[in-house]
Amino acid sequence: MIVAFVLVGTVWAVYSRYFASPEALVVYCAHDAIFSDQVLDRFTEKTGIEVIRKHDTEAAKSLGLVELLVREKSAPRCDVFWNNELLGMIQLQEEGALEPWKGSGYQRIPDKYKAASGEWAGFGARARVYIQNANGQPPRDPLSILDGSDLSRTAIAKPLYGTTLTHYAALWALWGKEATQKWHSECREKGMREVNGNAVTKDLVANGVCDLGFTDTDDFFGAKDAGASVTMTPVRLTNGATICIPNTVAVIRGARHREAARKLVDFLLSEESELALAHSASRQIPLGEVDPEKLPQDVRAMVPWLSDGIPLGELGAARKQCLEWLKGLDG
Amino acid sequence: MIEETLASLARSVCVAFAAVCFGRLTRPVLTSPAIAPSVKRALFVLCALPVFAPTLLTGYAYARWSLPLVHLPLTKEASYVLLLALRFAPLGVLLYWIFPPSLADSGRYCLQLAKAASGLGIPLRIRLRAFADTPGIAFLVTALLAFHEFEIASLTGVETWSVRLFDAHAGGVPWGEAMSAASAPIAVQLGLAALCVWALRRQLFATGADGYTRKPTVGRCAAASGVTLLSACGIVVLPMGLIAAEASAGMSQLCSSFAMQKEVLASLIFGISGGALAFVVSSAVPMRCLGLLAIPGLCGSLILALSAVRIFQWDALTAVYDSPLPLIGVIVLLLLPVAFLLKVLRCKLAANGASHVASLAQSWSPQWRMTGRGAFGSIAFLCLLAYVELTASAILAPPGMTTAPARLYNLMHYGQTEVLSAMVMVVFLVPIAIIALLWAGIEALVYRIGQKAPLW
């Protein structure tokens, strides 16, 4: 018994001393650790404010943290939520879990990508794209491939989570319930592979197992940087709109370190952070005004897609209905 | 989740059947006095390797190979069942060895003779006792472990109920909704776990008879060795080889930018505390109660961790919710079944005259050899298992204390790279190196004390 108490006491002491300083800012971060860590480290370097991070699993991101924040609403532990998409943030806004903050960062973000009431703001976006295995050939028109009768060499992530859910919500809002359900079942009937996440889709195409897949720009660049012979084209909805999914950030209502939280939000929404994300391996597209000369070539090519982006802020209801239907399908 | 539950059940029955066959095949080789002790030791170690190798390594190594199988679902399914069988069938051998049949081979032969001579049927209770105890344990334990396997399935893209439940939790499905959807597999798991404990307790207090006096045939020896080698190669040697081959190219890059010190430290903290606590609890609690304490651990890390999430969100426990305690508690519960087996093994090995003489001797050296090594090995082994625990740590690690396996699992999401393979190698070699150094240090210390030489 004594040994057990000594062991637990030692672990608690080490945890309190080295892992959980009470002054440290607690950030729940749905953006991939390998990209977000450098930005958060830079914030600590600049301000001296220590940041404790809680990341979600990369396979099914963000919604797990949203659910956790809803559960913790009465006694929040998190100060800042850095989400890698928007719809979960809207859910938290509706739950009253966010605190408005219109600091310097908020001012530089276009209205389309922030809450008018100041609860959240977007930054550094990625886009939904078709990834194709070039194999030395020029890429084919993705729509002509999808119109074919055999889709067994195409892949998409399960639509229950992540950006594929956002994609489905956009289709639901644009086409309506029946057309979306019809498209979904036709794709399955023609043999489209439904896999566990965008990264698996990317791997299938990059390794030549599939010819075409739906994924995000960050996954595409992951494959490209690894030397795969892949190309991408933006997913355009039938009205010509692209699907650009920004990171979003918010101060949590009742945050224990409110001032430090606001500083971090301003930092994340600053030009410096957006440029850092643009230069990272994930090549995020800045939403605020930045000098185009400072952007890498890959990102500069994607900037025009932003202006065609579907207004994601209006998809809340569609996402809810679509998710209910998908859950029913999934049993 | 009914479909996935049935599929997992079918897989686990296949795996359990393979484990029983393999156990029956190999036990005579492991227990016969006609086989050299060194051969038996080597066979035993080779059997233990795949059972306790980190599944994260196996899953990672085979992840790339599993990609083309997306077009061949049956082959994919068969490959997964083969991997499960290679991993868990050797456990059947270990269980046959730890829990030998209640009746010696000679006794069973007599029973068969008596039945033939008298023409009377033998009561079912006695028949079960004589022929089904050990196979029953091997069947139930391996079926249970195969039923809730998660890591290999997740990394090789196989759709199991455990993968779906984990994804549902990580994907934000409310706890109650996710757990009620998984009620069927949870019920199966609880049932199997309760049966396991019942069977283990029965066998624990039976007087075992492991003498196998006949010399096993050459064919049996060859088959047992062949399957053991196949299993060790498929689950440990080949995956490690694949990863090491890739890691060698990424090692130089990793050396200049290794950024996982904090995660490794967190894993070491959870590993040492969880492993040592499990050992302390298993040593302190009587064997009879330990069986019941092992039930939660037998339910697997996913169910246990998800239950802990819920429990520690109750108002009375919120103070420790964001601390390392929930994870340590879950790790201890998870390790208790293994600690229980190790305790049985230690008791079995210690129950001989030499151990008793060693305990009477007023010298460290024989005591260390007879009992200390076993205790150290048990603690080290439990710490190692706690260190590599992925599922519970991915769900329960407090903010800022992400463990190395959880971080690696997240990085594996981006696909295999040379640097990641190097990271995987380093992360898994750290605890092994620490244990090896400690072992060597203690051996040297005991030797010096035995020789009455100066310590330094």
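Which residues in helix 4 (residues 87–95) of chain A are buried? In this predicted model, the buried members of that helix are Leu87(A), Gly88(A), Met89(A), Ile90(A) and Leu92(A). Just after helix 4, Gly96(A) takes a positive phi of about 75 degrees.

Because its relative accessible area is 0%, Thr248(A) counts as buried, and its side chain reaches the backbone oxygen of Glu85(A) at 2.7 Å.

Phe81(A) belongs to the largest nonpolar core, of 152 residues, in which Phe81(A), Leu165(B), Leu408(B) and Val424(B) touch the most other members. Helix 16 (residues 325–350) of chain B gives the most to this core, with 10 residues. Apart from it lies another core, of 53 residues, which includes Phe123(A) together with Val80(A), Leu268(A) and Ala278(A).

Taken as a whole, chain A has 14 helices and 10 strands, and 59% of its 331 residues count as buried. A compact globule with 331 residues would have a radius of gyration near 20 Å, and the 21 Å of chain A agrees with this. Of the contacts in chain A with a separation of 6 or more, 73% are accounted for by residues 24 or more positions apart. Chain A exposes about 13,000 Å², of which carbon and sulfur atoms supply 53%.

Technical notes
Residues are numbered from 1 along each chain as its sequence is written. Chains are lettered from A and ligands numbered from 1 in the order in which they are written. This is a predicted model: local features need pLDDT of at least 70, side-chain atom pairs count only at pLDDT 80 or more; totals for chains, interfaces and linings use all residues. Side-chain values use heavy atoms; hydrogens and water are left out. Buried means under 20% relative accessible area, exposed over 50%, partly exposed in between (1.4 Å probe, protein chains only). Helices (H or I, at least four residues) and strands (E, at least two) are DSSP runs, numbered from the N terminus. A polar contact is a pair of N or O atoms within 3.5 Å; within protein, one must be able to donate a hydrogen and the other to accept it, and residues adjacent in sequence count only if both atoms are side-chain atoms. A nonpolar core is a set of buried Ala, Val, Leu, Ile, Met, Phe, Trp, Tyr and Cys residues joined through side-chain atoms within 4.5 Å. The radius of gyration is taken over C-alpha atoms; the globule rule is 2.2 Å times the number of residues to the power 0.38. Contact means heavy atoms within 4.5 Å. Accessible areas come from the Shrake-Rupley method with a 1.4 Å probe; for residues, only the protein chains shown count as cover.
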